[in-house]
Amino acid sequence: MVAKLIKHELYRISRVAAIPAAAMLALAIIFRISLINYSGEVALPVIIGIFYGVAVLGTLLVCAWVGISRFYTTLFTREGYMTLSLPVTADQLIISKLLSSIVAVICGFMVCMLSLFILMIGQQVNLNVVFDEIFSVLSQFFNSYSEAFGGLYIFESVLLGIISVPQSLLLFYLVMSIGQLATVKNRTVITVVIYFAAAFVWSIINEIVCIPVLNAAAEVSIHLMMWIRIIFAAAVTVGSYFIVRHIIKNKVNLIA
């Protein structure tokens, strides 16, 4: 059932994200054509390049935002009556939203890479050489970190990065879930206020508590500091998940 939910979510996300993605690919083609025999004296390729860069950023943002906003619209608006009537559990709903958002961002990144390949068409660029250069840079980066902190640090960094993705999404879900508990109709404003209030409180906690603790841990061992960050991120992820799950199961307020 989760697979069907993900398929449906990706279909709905793609209907919106396809617009900036198509615009980005079209601009990549136009940009590539404008570069033919470009002497540096014509401003048109530069202008097109700026629009192309904006389209790349817009595609990534839309893929992320639509996935997040779908969580709210399908659960806490009038559409929620239909969603919550489906023969699925709260866990299946959350997991499907979470995975579809991650897949949407990955697909958006892949489309952006496709647009870069379009820019390389016809140029004196050997893709094998390009990939060799990329892997060479990444290899040097990992080797330098491995020499400085050890191979375990790379593993810890990758693990922290993996945990941070669902953590970020679930924090958005948590803010939206708490915001929908308000009894007023304009809950979007309440949600925005909660988001900025939470960000402000977190910045204070981070400055007063987290940074001193991490600095003290780093003086003992860089690995101790990393594992504190990993455990904390995992705890926030799990805590956010269960709070969102509890709200969806028991506290949904469909008045929007």
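1. Phe-31 has a relative accessibility of 15% and therefore counts as buried, the term being used for residues under 20% relative accessible area, with exposed meaning over 50% and partly exposed the range in between (1.4 Å probe, protein chains only). Tyr-52, at 7%, is buried as well.

2. The model is a predicted one, in which local features need pLDDT of at least 70 and side-chain atom pairs count only at pLDDT 80 or more, while totals for chains, interfaces and linings use all residues. Residues are numbered from 1 along each chain as its sequence is written, and side-chain values use heavy atoms, with hydrogens and water left out. The pLDDT, the predictor's confidence in each residue from 0 to 100, averages 82 over the protein chain, and 84% of the residues score at least 70. Among the helices (DSSP runs of H or I, at least four residues, numbered from the N terminus), confidence is lowest in α5 (residues 127-149), with a mean of 62, and highest in α8, at 91.

3. Aromatic rings of Phe, Tyr and Trp (its six-membered ring) are paired if their centres lie within 6.5 Å, and planes under 30 degrees apart are stacked, those over 60 edge-to-face and the rest tilted; the count comes to 8 aromatic pairs. Phe-31 and Tyr-52 form a tilted pair, because their centres are 6.1 Å apart and their planes stand at 35°. This pair links distant parts of the chain, since Phe-31 belongs to helix α1 (residues 2-34) and Tyr-52 to helix α2, 21 residues apart.

4. Tyr-72 and Phe-76 make an edge-to-face pair, with 5.9 Å from centre to centre and 70° between the planes. Both residues are buried, and, being 4 residues apart in helix α2, they are separated by about one helical turn. Ring pairs join Phe-71, Tyr-72, Phe-76 and Tyr-173 into a cluster.

5. Helix α8 has 29 residues and reaches 42 Å from its first C-alpha to its last, close to the 42 Å expected at 1.5 Å a residue, where the expected span is 1.5 Å times one less than the number of residues. Its buried residues include Tyr-241, Val-244 and Ile-248.

Conventions
Helix = DSSP H or I, 4+ residues; strand = E, 2+ residues; numbered from the N terminus.
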